[in-house]
Amino acid sequence: MSEPILALRNVSKRFVKSLDAAERMANLVGAGLADEVVHAVDGVSLEIATGEVVGLVGESGCGKSTLGRVVAGIHPASEGEMLFRGKRLAEMNAAERHEAALRVQMIFQDPMSALNPRMRVAEIIGEAPRFHGIVPRSELSATVDDIMLRVGLDPAYKRRYPHQFSGGQRQRINIARALAVNPDFLVCDESVAALDVSIQAQVINLFMRLREELSLTYLFISHDLGVVEHICDRVVIMYLGRMVEMASTEELFARANHPYTQALLAEVPRLDQRKRTFAAIKGEIPSPLHPPPGCHFHPRCPHAFDRCRAERPALREVAPGHISACHLNDAAKHSTGTSL
Amino acid sequence: MSPVLKVSGLKTHFFTRAGVVPAVDGVSLTVDRGEVLGLVGESGSGKSVTGFSIMGLVDAPGRVVEGSIELNGRELVGLTEREWRSIRGKSLMIIFQDPMMTLNPVLRVDTQMIEAVTAHERVSRRAARARAIEALSAVGIPSPAERLSAYPHQFSGGMRQRVAIATALLNRPDLIIADEPTTALDVTIQAQILYEVQKLAIDTGTAMIWITHDLTVVSGLADRVAVMYAGKIVETGTTDQVLDAPRHPYTVGLIGSVPSHNKRGQPLSQIPGMTPSMTNLPEGCAFRPRCPRADDRCRVTPELTPTTGALARCHHPHIPSEAAA
């Protein structure tokens, strides 16, 4: 693996809802209320190599978007450290941190709500490079044209407003805006989920072409395992804020280790399956306000045993480059003497 | 066996200031008892308006201008609003993408479900409540009797959609129209709901039209598939026929754009361009400007014609062996 462009070490993000005045009053008379804390991201470590496409997969509420936002610098991490090109963000001076922040850009799910409806496309794309002094004012117009051509938009439309474009074109505007500051790293948060099938294919192809042309690195957040399998080199599976499994895409789809990953893969609807009986993992993702103790997945896991209810499983290597957090891996070793 | 639903030559047009929008332009389809028809198309293809037309839910400036919709042999086009109310919610049901469109946020679930029963049948509240509990447990809601007295916001998204489906089942309808009910849900929840729905279609014999843009959902669920483009059905046949050996170039393109196992890392085959504006459709075949096979013949609108089994609306259909290659 080449030098990681970005590394996360034990990163956590907590959201705290403090008590309001009435609740503090209630506490005075002994109501015993406490702050509500959501561990949106709980101790995630991850290294992403230059040029790699890493898929981040999980159900709603598993913290995948929060992790993406921490990586993109939108939320500060509550704990842990982030390294950009080997340098800790905490040790950088203001100028370096500013530069690192520009290098990581984010593309959101809903292309319309991410664009200011009162700005023309040329302003949307040109604002950041102008503000950051990346492009001299005299060359701004030509730069905007270049970027629009690169993402497959006709520069003749640069005077238009976002509402005058279709959904797929709007997502291209979002991509153009992210590319305008010459980033190295794109965080794509469900960036193709809102698009029609044929448009989705166009945008996925655009992402892959840009990766070649601009040697970009991606963190690709998605719930769509079909898309992830198609474009990602490596896949991270998250459940209730924790990473439960990580492996190369081939390895993960061929030999999923964690029961949650196995269940997710079984649910992926595929074109070649006909009139199949849908069999579902039971239940839903629990509230992150009160996550179950031990392994978060144990209430839904068909293989859960006593240890799962008490002890949090650690991420262990089950094959080269393949890590998984499940007690079954230990149990299998003890009982049969072979690893899974 | 006569079909539960028979739609012939349905045209629903919207009369807007920008001109007439032929959202549904000559759609014919049938659904048998216990059958699931997958109605597939992209945004603006007219698939939802087809569903709304069958439900009699098209509002001004839209209107059904032509065609007939027969439910168990009874003509629905031209019914009065009073007659519609006796059918809608009883024999015909719709499930929307967003369950909050079905559920009233300020009423408890039991109030809404009991009302749905008593609006169509003279039964006691106790009997209606029992039926609501039965329907909730049929869609896999744990402790249904307790959950009945909750408000919609107290349910998660997946559970809310189950409540909407349970409400749709209350009066044992002949036909359920499902308008992308699982699109907003996680894969695990989607699989649970598809599982329940599939079981119900088999157990109760309810016919179903499953409207979606997701071919992979259709492939696991539907018996037959109809693909819509610009207000017309461009291809229809059994799920195997349409998905294994598509005839119409649009269907071929749609299937090609689904990321799948065997093409990893390679560019997806994509359909160039985008869906045309419905007020300014190209003459002849609406898919012509995006079609790799188009020529001068395509300036004349093709009819839906049989091509070795499935029906396709194309002058130059793919022949199955070629499409499989």
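## Basis of the model

In this predicted model, local features need pLDDT of at least 70 and side-chain atom pairs count only at pLDDT 80 or more, while totals for chains, interfaces and linings use all residues. Residues are numbered from 1 along each chain as its sequence is written, chains are lettered from A and ligands numbered from 1 in the order in which they are written, and side-chain values use heavy atoms, with hydrogens and water left out.

## Chain A

Chain A contains 12 helices and 12 strands. Helices (H or I, at least four residues) and strands (E, at least two) are DSSP runs, numbered from the N terminus. Along the principal axes, the C-alpha atoms of chain A fill a box of roughly 70 × 60 × 40 Å.

Of the 340 residues in chain A, 51% are buried. Buried means under 20% relative accessible area, exposed means over 50%, and partly exposed lies in between (1.4 Å probe, protein chains only). Contact means heavy atoms within 4.5 Å. Among contacts in chain A between residues at least 6 apart in sequence, 66% link residues at least 24 apart.

## Chain B

Chain B has 11 helices and 12 strands. Its radius of gyration is 21 Å, close to the 20 Å that the globule rule gives for 325 residues, so chain B is as compact as a globular protein of that length. The C-alpha atoms of chain B fill a box of roughly 65 × 50 × 40 Å, taken along the principal axes.

Buried residues account for 54% of the 325 residues in chain B. Of the contacts in chain B with a separation of 6 or more, 64% are between residues 24 or more positions apart.

## The interface

Chain A gives 39 residues to the contact and chain B gives 49 residues. Together the two chains bury about 3,800 Å², 54% of it on carbon and sulfur atoms. Buried area is the accessible area (1.4 Å probe) that two parts lose on being put together, summed over both. The elements that give two or more residues to the side of chain A that touches chain B are α7 (197–214), α8 (225–231), α9 (249–254) and α10 (259–267) of chain A. Of these, α7(A) gives the most, with seven residues. By class, this side of chain A has 13 nonpolar, 13 polar and 13 charged residues. Ala, Val, Leu, Ile, Met, Phe, Trp, Tyr, Cys and Pro count as nonpolar, Asp, Glu, Lys and Arg as charged, and the others, Gly among them, as polar.

Seven residue pairs are in polar contact across the interface of chain A and chain B (both at pLDDT 80 or more). A polar contact is a pair of N or O atoms within 3.5 Å; within protein, one must be able to donate a hydrogen and the other to accept it, and residues adjacent in sequence count only if both atoms are side-chain atoms. The interface has zero salt bridges, a salt bridge being a side-chain nitrogen of Lys or Arg within 4 Å of a carboxyl oxygen of Asp or Glu.

The buried residues of α10(A) include P259(A), Y260(A) and L264(A).

H296(A) sits in the loop between α10 and α11 (306–310) of chain A. At 7% relative accessibility, H296(A) counts as buried. The side chains of H296(A) and R242(A) make a polar contact (3.3 Å). Not counting residues up to four places away in sequence, H296(A) touches Y239(A), L240(A), R242(A) and P291(A).

## Residues in strands

D189(A) belongs to strand β7 (residues 185–189) of chain A and counts as buried at 7% relative accessibility. Leaving aside neighbours within four places in sequence, the contacts of D189(A) include S65(A), F108(A) and I221(A). G43(A), in strand β2 (residues 36–49) of chain A, counts as partly exposed at 24% relative accessibility.

In chain B, A310(B) lies in strand β12 (residues 310–312) and is buried, with a relative accessible area of 1%.

Terms used:
The radius of gyration is taken over C-alpha atoms; the globule rule is 2.2 Å times the number of residues to the power 0.38.
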